[in-house]
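Visitor: Hi! Could you walk me through this one?
Guide: Happy to. Let's have a look together.

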Amino acid sequence: MAAYQYTVVVLVFSLLQSGVSGFPTNIRNPVCGYESCPATDPSMLNVHLVPHTHDDVGWLKTVDQYYYGDRNDIQHAGVQYILDSVVQELQKDPARRFIYVESAFFYRWWRQQDQATRRVVTQLVNEGRLEFINGGWCMSDEATTHYSAVIDQMTLGLRFLNDTFGACGRPRVAWHIDPFGHAREHASIFAQMGYDGFFFGRLDYQDKSRRMKAKELELLWRASESLSPPMADLFTGILPNGYNPPDGFCWDQSCSDAPIRDDPNLEDFNVDEMVRKFLETAHSQSKIYKTNHIIMTMGSDFQYENANLWYKNMDKLIRYVNGQQAAGSKVNVLYSTPSCYLQELHRANSTWALKTDDFFPYADDAHDFWTGYFTSRPALKRYERQSNSHLQTCNQLEVLGGPRSRSGPFGKGTSDTLRKAMAVAQHHDAVSGTEKQHVAYDYARRLASGWAYCKVLVRNSLAVLTGSDAPRSFCENLNISVCPLTESSKMFTMNVYNPLAHPVSWSVRLPVNGSAYSVADVQGKAVDSEVIPVPRATKALRGHRGWALNELVFQVEAPPLGYTTYSISLLQNAPPPPPPRPKAPLTIQNKFLKVTFDPATGLLSSLSNLETQQSIKLSQNFYWYNASAGNNEDSIQPSGAYIFRPNCSTPFTISKTAKIQSVQNGVVQEVRQMFSPWVSQVVRLYADSRELELEWTVGPVPIEDALGKEVITRLDTDINTSGYFYTDSNGREVLERRRDYRPTWDLKQSEPIAGNYYPINSRAYIKDKESQLTVVTDRSQGGSSIVDGSLEIMLHRRLLYDDVRGVGEPLNETSEAGGPEGLVVRGRLLLSLTPPDTAADSHRPLAQAQVLQPLLSFQEGPAPASARLEFSGLQAALPPAVHLLTVSQWDYDSVLLRLEHQYESRESKAYSQPVTVNLQKLFSTVEVMGVTEMSLGANQWKSEMSRLVWRPSADAAPQPKQPSDPSPWEITLNPMEIRTFLLRVRQS
């Protein structure tokens, strides 16, 4: 232990001496954080007024429009003016406080300030008068985001604050006042980042009613079943009024509440009335909270553009309410912050109700379930997930390629643009799909721009690693069989980069116009390949963007954190591939799976695992729910971007039969199903695959009948589920769900479909004692098990009415040409059938492989003789239980590394055990000179990280002690643990 401490001290000193930015530095005599909190009175009810603004990083307007105050015809909002005004007002009185949340906006504003303003702001931060809360680049959505992207966006914002303000810029409290439901994995992430508490605003109306009566609006959230308490424990507070001020006390220029008129000579003098009303509000609120401290959020969306209005009236409110203490009042009002309020709750030394599930789904009334956005804008959701994979590849190659990756033969490349675009995309009105259409286009444009910069970096890095600076193409429309180089070339090479820390096997489909090709690996060994006709649905979908007649299909193998190369050549005089057969085969089968079809309908009828000798009945079809138009006798609530509300509980079947074409050869077997002009699917089984692929295509969803449609696919089995099903939380731990049930209150179910929908980020499954059917998705979607043995997933939504939650337009996405034709969406589901006790051994790596997919790049002609055709950035593959989450250049000689144990405790006999990794023996081309462990957010040294400890009112048995690291270089990961390190490196 002593040796380890010595290593940390030496490394901290050497890193600070070498000028590495982004880590805690000492500011002389700062009085910030808890030390800067105002005094309270233990004999009184203390009312903490928290001045704040909630600034969406895009919603009704784009990020740029919000920052500059443009397009005020849509919404009056200008973030730069908010920050200008607040800074001016804070200087007038040292008692005033303000909190700010969205680092994406503050970063922009800070860059535009002169040195004098920066000095003023730094002083305000150092004195705790301006406090950063949450601190991520945005306030992320919690249902539709993947944990890796959430960690990245938080790290980006926290690093900026740390670089700019040091320790006083570090947020102590997480603040998610607007997201529409709350994920357990988010709470776990916040706890591991060192946050002391978490506050949010939106809670299911039934849950809130029960908690108000039981005084359980403040609780201890145990956010992991695998991490030993208190590692993932997070104090959680539910705000009393969403995130708005109490009724009658909104003094923004956007509000119409009366100001405090305190001239007694005026006829409309109202101090007595305002004080009385405030005291009533405070006493009423105190009845539903546990201590003699309550919090009031004084602000709302884009408020404080004229901060003088707020502060002038709050100054008066504090003065006049506290003035009543002389007459016996026991209410003390003060300017405060969430962290100061949290400190007082901690000092109360109370115990708190324990929660172990999550806060999904969220409803704000009996027929108003916010479960539609789990699927809204499915194309954007897929593009965001793909962009995450691109960013991780870009980050890795920046490290592996060294400095020349950023400036090389193809120009200057950077990962920063895509990193910021991805961070913005995590916002709770971005990937959630709840923004206006022009804002959705802006998010996608930013991701595309970021990838353009990354492509330069990737080209440079691969030029360094391969030794070849020949031009390199990326084909980004392979899912619709478009790639100009492969369509026209007679000879080309394909580089396959694998961002995973384990070898990967991946099926490749390249658009071609030849009839036969030879495919060879780096040893010159022939690879089995087949040429098959492009499906009709794909030809219709791609339009004039590509002309390939066929697809070349083969399997590739790539080394961990590295690449391999395949050579492809056209064979002359080959006969054309046989056309698809016009009917479904009775079975398709490889050595692992057997799939049967109903000859009468062309639909799936069973799935068998030949290795485990288990079989289930399995039928699958497509349906649509008729979206409520808001004219139902029970409620006027329509379906919209946020809300899912079907008109009835029985969906319409799109077709009971499918028109079939089939392709069968030694590489792939396909059953191509056409259900209607707007729904088709390919059931695909590759020769060496243990999972069945369902590639679905939905759209344009017809609305000529004036009916909005919510399109689902449903898998019906004979698995005995007894009302239970399972969904993941942000791509990590899996939560048990039960139909028409909530673990923490007696549910009164009023929407039997929408009220049973949950977010599916990467997987969902149903099981009984013998069989588990797992579905791995390629994007975030909503889903449920409405009847036993069934699992349904919503794929697409096209709606005709706004759901009256603020976005102000129907969710009616149209084609890329901007015409009236609806958007077509394509995606994949992967089905795995296993015994329940070994299911995680399959679905854990399978889900990671869908998130971090191989990057394919192409070069015309043969590979240069001197080129390095294969490479791995690791000395050896990591153990199966370990996932390489982050490899990112931090500074010129330092790299940020995150390793995670990707299994939960008790879910795998083989892998749910501690595992040790040697950091010095990790990389093949990067020499690790020193290592220091960081918090998950990479803004604190782990050895200096300290959190407030909270006591649950009821606790489980003591947790066993976790094994410690064998040495400073050898680190042990326990199930579901993520560990973050700063590596001091030298390129070898």
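**Loops and helices**

Guide: Let's begin with Pro361, which lies in the loop between strand S10 (351-355) and strand S11 (363-365). Helices (H or I, at least four residues) and strands (E, at least two) are DSSP runs, numbered from the N terminus. Keep in mind that this is a predicted model, where local features need pLDDT of at least 70 and side-chain atom pairs count only at pLDDT 80 or more, while totals for chains, interfaces and linings use all residues. Residues are numbered from 1 along each chain as its sequence is written, and side-chain values use heavy atoms, with hydrogens and water left out.

Visitor: What kind of peptide bond joins Phe360 and Pro361?
Guide: A cis one, with omega about -10°.

Visitor: And what joins Pro229 and Pro230?
Guide: A cis peptide bond as well, with omega about 5°. Pro230 sits in the loop between strand S6 (218-222) and strand S7 (233-238).

Visitor: New topic: what is phi for Gln613?
Guide: Near 60°, which is positive in a residue other than glycine. Gln613 is in the loop between strand S23 (604-609) and strand S24 (614-626).

Visitor: Is Gln613 buried or exposed?
Guide: Exposed, with a relative accessible area of 68%. Buried means under 20% relative accessible area, exposed over 50%, and partly exposed in between (1.4 Å probe, protein chains only).

Visitor: What about phi of Val804?
Guide: Val804 has a positive phi of about 60°, though it is not a glycine. You'll find Val804 in the loop between strand S37 (790-798) and strand S38 (825-834), and at 59% relative accessibility it counts as exposed.

Visitor: On to helices! How many residues of H7 are buried?
Guide: 9 of its 9 residues, so helix H7 (residues 184-192) is mostly covered. Among them are Arg184, His186 and Phe190. After H7 comes Gly194, with a positive phi near 100°.

Visitor: At what angle do H4 and H6 pack?
Guide: Helix H4 (residues 103-111) and helix H6 (residues 147-165) pack at about 40°, with their axes 9 Å apart. Axes are lines fitted to C-alpha atoms, for helices over the stretch in contact, and angles run from 0 to 180 degrees between N-to-C directions.

Visitor: Which residues meet there?
Guide: Ser103, Phe106, Tyr107 and Trp110 in H4 meet Gly157, Phe160, Leu161, Thr164 and Phe165 in H6. Contact here means heavy atoms within 4.5 Å.
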